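Colleague: I have a model open and would like to learn how to read it. Could you walk me through a few features?

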Amino acid sequence: MDRIVNRRDLAFQLYEVLDAEALTSYPRFADHGRDTFDAVIDTAERLALDKFAPHAAKADAEEPRFDGQRVHMIPEIGQALDAYVAAGFMAAHRDEADGGMALPWTIAQACAALFTGANASTTAYPFLTIAAANLLSVHGNRDQRSRYLQPMLEGRFFGTMCLSEPQAGSSLGDIRTRAEPMGAGRYRLKGAKMWISGGDHELSETIVHLVLARLPDAPPGVKGISLFIVPKHHVDDAGQVGARNDVALAGLNHKMGYRGTTNCLLNFGERDGAVGELVGEPHKGLSYMFHMMNEARVGVGLGATMMGYAGYLYSLDYARNRPQGRRPDQKDPASPPVAIIEHADVRRMLMQQKVYVEGALALTLHCARLIDQRDQTEDAEARAALVRLLDILTPIAKAWPSEYCLDANRLAIQVLGGYGYTRDYPVERLYRDNRLNPIHEGTNGIQGLDLLGRKAMIDGGAAFKALMAEIEATLAAAEAVHAVAPLRNALARLARRAALITADLGRLAAGGDVATALANSTPYLDMMGHTVIGWMWLRQALVAAAALDAGPAAGDRAFYEGKLAAARFFAAQEIPRADAQAAILESHDRSALDIDDAGF
Amino acid sequence: MKVLVPVKRVVDYNVKVRVKADNSGVELANVKMSMNPFDEIAVEEAVRLKEAGTATEVVVVSIGPKQAQETIRTGLAMGGDRGILVEYDAETEPLAVAKLLKAIAAEENPDLVVLGKQAIDDDCSQTGQMLAQLLGWSQGTFASKVTPGDGTVDVTREIDGGLETIQLKMPAVVTADLRLNEPRYASLPNIMKAKKKEIAMKTPADYGVDMTPRLSTERVEEPPERQAGVMVESVSDLVAALKEKGAL
Ligand SMILES: Cc1cc2nc3c(=O)[nH]c(=O)nc-3n(C[C@H](O)[C@H](O)[C@H](O)COP(=O)(O)OP(=O)(O)OC[C@H]3O[C@@H](n4cnc5c(N)ncnc54)[C@H](O)[C@@H]3O)c2cc1C
């Protein structure tokens with residue numbers, strides 16, 4: 001049994017649905033082939049199983065502790081990360097000159113998926129570092145790249161993202177941290193940052209905080225936010241790590257899940273000010289952060305997918321081995337009990353998990369593939385089209401997996417019954433870990449507003465139309481394929497309904513009633529999510545149907561037939577859920593908006 | 001000093017193997033395959049000898065299907081210099097493999113052949129011993145420590161009740177046990193470098209070796225299901241229970 005991801009499914013997604021091998025036609029990836037992709041994924045899986053999975057429960061039970069001076073955590077976390085760095089994962093997608101192997105983002109994300117599925121909280125440290133490194137590589141100057149980026153790629157420095165403050169989470173325009181110029185390109189920062197993942201630890205020589213703050217002359221709101229590098233220790237011109245900077249850990253937050261990842265309230269400038277360096281130009285900090293937001297949000301969706309996937313595989317194996325009860329037609333009480341996988345309701349719970357996790361994996365890897373295309377294409381027009389498509393898919397790729405793969409974790413617990421509710425089994429921990437994903441990187445409420453209020457509407461709905469054209473193309477390809485007809489028909493109907501709803505809500509907003517138009521942005525996100533995941537299932541079903549027609553290899557028939565069965569389930573049981581959301585949206589329901597506060 | 005490391009492609013150690021429906025063997029379709037773990041230890045030891053400046057070249061050899069190239073690549077990504085694949089699709093038996101390795105040793109003239117003490121698919125633990133016999137070389141089996149000297153190699157062996165250190169004259173055959181070392185992961189930059197290393201493609205006919213199996217498999221079955229245990233209160237209860245079962 002595969003424990004993190006079904007490797008057959010991963011290969012199906014990467015090579016049969018996404019044709020990842022075609023990436024090697026881009027000059028940057030010319031040295032690669034399926035052999036190197038598979039070798040890297042094999043190494044990731046080994047490392048994830050050998051070094052990450054074994055301490056996931058222990059890190060959850062023994063969360064990091066702060067003694068007032070420094071943070072203590074179980075040694076296995078550091079050992080796993082040393083092995084991760086030594087194997088070259090921190091720099092995998094960078095050029096060979098930077099110590100990387102120019103790995104496509106699609107494959108790097110497939111590896112990331114394996115690590116997160118094995119142990120999300122240990123994996124968070126390198127993920128934050130990679131995100132911070134990606135930002136510095138685009139927006140940092142040459143000096144900053146050599147003093148901070150290079151050691152991060154070597155795994156000597158780790159990174160963080162310091163956006164949130166105690167009073168400003170969703171609304172970053174309200175942050176209060178201030179930066180005063182002190183000459184020579186340096187600034188003194190003062191303020192408190194809340195929720196900072198990986199904000200303090202002893203895992204690396206120092207920690208590179210990327211901090212959003214306001215300059216003295218900053219205009220109010222989001223147009224007045226600048227980005228600073230503020231290291232935990234001073235780093236001199238030659239890159240030497242020196243004395244502590246004025247960044248203090250005020251305390252660790254005690255969380256529901258992700259407990260191996262330190263989560264910190266950090267005080268910048270309790271004494272004379274934390275010394276920082278400006279990244280890029282003043283007042284552009286938030287746009288730099290958003291630059292890497294697509295990648296980061298798709299990454300959150302992929303992480304959520306993998307926690308769901310691990311729970312699915314665990315509950316599937318359990319269901320095959322747990323004897324309990326008899327079939328409805330088995331009247332003899334002395335007959336041996338069946339494995340619970342034979343019960344219709346257990347099969348339903350397994351099927352629901354399957355369509356959620358495999359559908360979400362298809363979407364998040366599809367987005368990673370689009371990111372590769374966007375970054376490699378020479379054609380400016382093609383790039384602009386890819387940017388548009390990614391813009392509209394991103395809130396869905398973040399929110400849908402974080403809602404539905406969390407629901408998969410709930411179902412995994414249910415499959416295990418009482419055992420699932422205990423800490424002797426991993427499924428309750430997976431649920432707790434996954435419960436973060438609808439909250440961070442922009443709550444799903446914010447994603448709904450982003451999708452309906454911005455992405456679906458801007459440029460006369462250009463991105464929305466581009467997405468619909470993609471879906472139409474798949475529907476057209478499915479026209480004559482009998483095996484996928486139920487899903488094709490259901491999806492065609494839903495997509496038309498979604499387009500009408502989008503146009504209707506757009507008219508409502510343009511007519512001035514923005515409040516009503518946005519009142520149900522979360523049901524809108526949900527409906528669009530099911531539309532897009534339905535599309536992902538149709539794409540998979542088409543590949544499976546073609547493979548079955550061509551005559552599959554010996555062990556593959558059940559796999560492909562499983563894909564077709566899942567697509568039928570999606571058509572029969574999931575599309576109707578989106579129809580329910582559509583009905584809400586068509587009704588322009590304002591009851592929650594209109595109720596008086598006192599009425600709650 | 002040249003080191004030859006034979007490696008076998010086997011069902012991955014994480015895979016729970018299933019018996020085929022017709023009881024003719026174990027299910028191999030869609031099953032993850034990887035390098036025999038003891039062979040990984042052998043590769044690691046050879047690479048360490050190279051890193052220490054003792055070995056000058058590490059040649060990784062496999063006998064198996066075309067896909068065994070991937071297994072050799074893993075060895076090359078761990079630090080091997082070049083590979084040889086003797087392509088053979090059917091099941092291999094230790095004697096035929098030992099004969100092929102003997103022929104390869106005659107061409108390559110290695111000072112040391114390091115291989116796993118056994119392969120985790122058939123668990124034979126015979127290839128190294130047969131090879132040493134066929135070559136007329138000394139052998140150090142079940143090694144937990146390997147220290148080359150001048151024309152000799154000291155091998156610490158895991159034996160019943162302890163450790164034994166023997167000195168072998170080179171050329172010699174050494175088989176690796178679990179505690180010899182902890183093999184490294186094929187790092188990403190080295191996976192790229194391995195892609196450019198050479199793998200020579202051969203067939204058994206090139207070495208004039210007859211691969212016809214000497215053994216035939218009658219039937220493969222799952223081990224009998226384990227019966228539930230009972231908890232006993234004390235040692236005397238345990239002794240009584242064992243006597244009752246006829247075990248004492
Ligand atoms: C474990 C963990 C790790 C984190 N890691 C980091 C990190 O590394 N770096 C970092 O900077 N931040 C981090 N965060 C912070 C995270 O991004 C915020 O918690 C999140 O953005 C929400 O902000 P908030 O908690 O202040 O909630 P609020 O913004 O107060 O939101 C509360 C509720 O109100 C809703 N809401 C708020 N505004 C609106 C609106 N305009 N319209 C509709 N609904 C709205 C939200 O959707 C939410 O349901 C982390 C958080 C957690 C829990």
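Predicted model: local features only at pLDDT ≥ 70, side-chain atom pairs only at ≥ 80, totals over all residues.

Colleague: Where is the place of Ser62(B) in chain B, and is the residue buried or exposed?

Modeller: Ser62(B) sits in strand S4, residues 57–64 of chain B. Its relative accessible area is 1%, so Ser62(B) is buried.

Colleague: Now to helices. How do I read a packed pair?

Modeller: Two packed helices are described by the angle between their axes and the distance between the axes. Here, take H9 (residues 293–321) and H10 (residues 344–376) of chain A: their axes come within 9 Å and cross at roughly 150 degrees. Because angles over 145 degrees count as roughly antiparallel, H9(A) is roughly antiparallel to H10(A). The crossing of these two helices is left-handed.

Colleague: How do the residues of the contact of H9(A) with H10(A) divide?

Modeller: There are 14 nonpolar, eight polar and four charged residues in that contact.

Colleague: What does UniProt place at residues 38–155 of chain A?

Modeller: An unreviewed UniProt entry gives "domain: Acyl-CoA dehydrogenase/oxidase N-terminal" for that span. In the model, residues 38–155 of chain A are 68% helix and 3% strand, with end C-alpha atoms 24 Å apart.

Colleague: And which residues does UniProt list for "domain: Acyl-CoA dehydrogenase/oxidase C-terminal"?

Modeller: Residues 284–449 of chain A, again from an unreviewed entry. That stretch is 72% helix and 0% strand, and 23 Å separate its end C-alpha atoms.

Methods
Residues numbered from 1 in each chain as written. Chains lettered and ligands numbered in written order. Heavy atoms only, no water. Axes fitted to C-alpha atoms, helices over the stretch in contact; angles between N-to-C directions. Helix = DSSP H or I, 4+ residues; strand = E, 2+ residues; numbered from the N terminus. Parallel < 35°, antiparallel > 145°, perpendicular 65-115°, else oblique. Left-handed = near helix turned anticlockwise from the far one by under 90°. Nonpolar A, V, L, I, M, F, W, Y, C, P; charged D, E, K, R; others polar. UniProt positions renumbered as here; feature names shortened; annotations may be inferred. Buried < 20%, exposed > 50% of the residue type's maximum accessible area, 1.4 Å probe, protein only.
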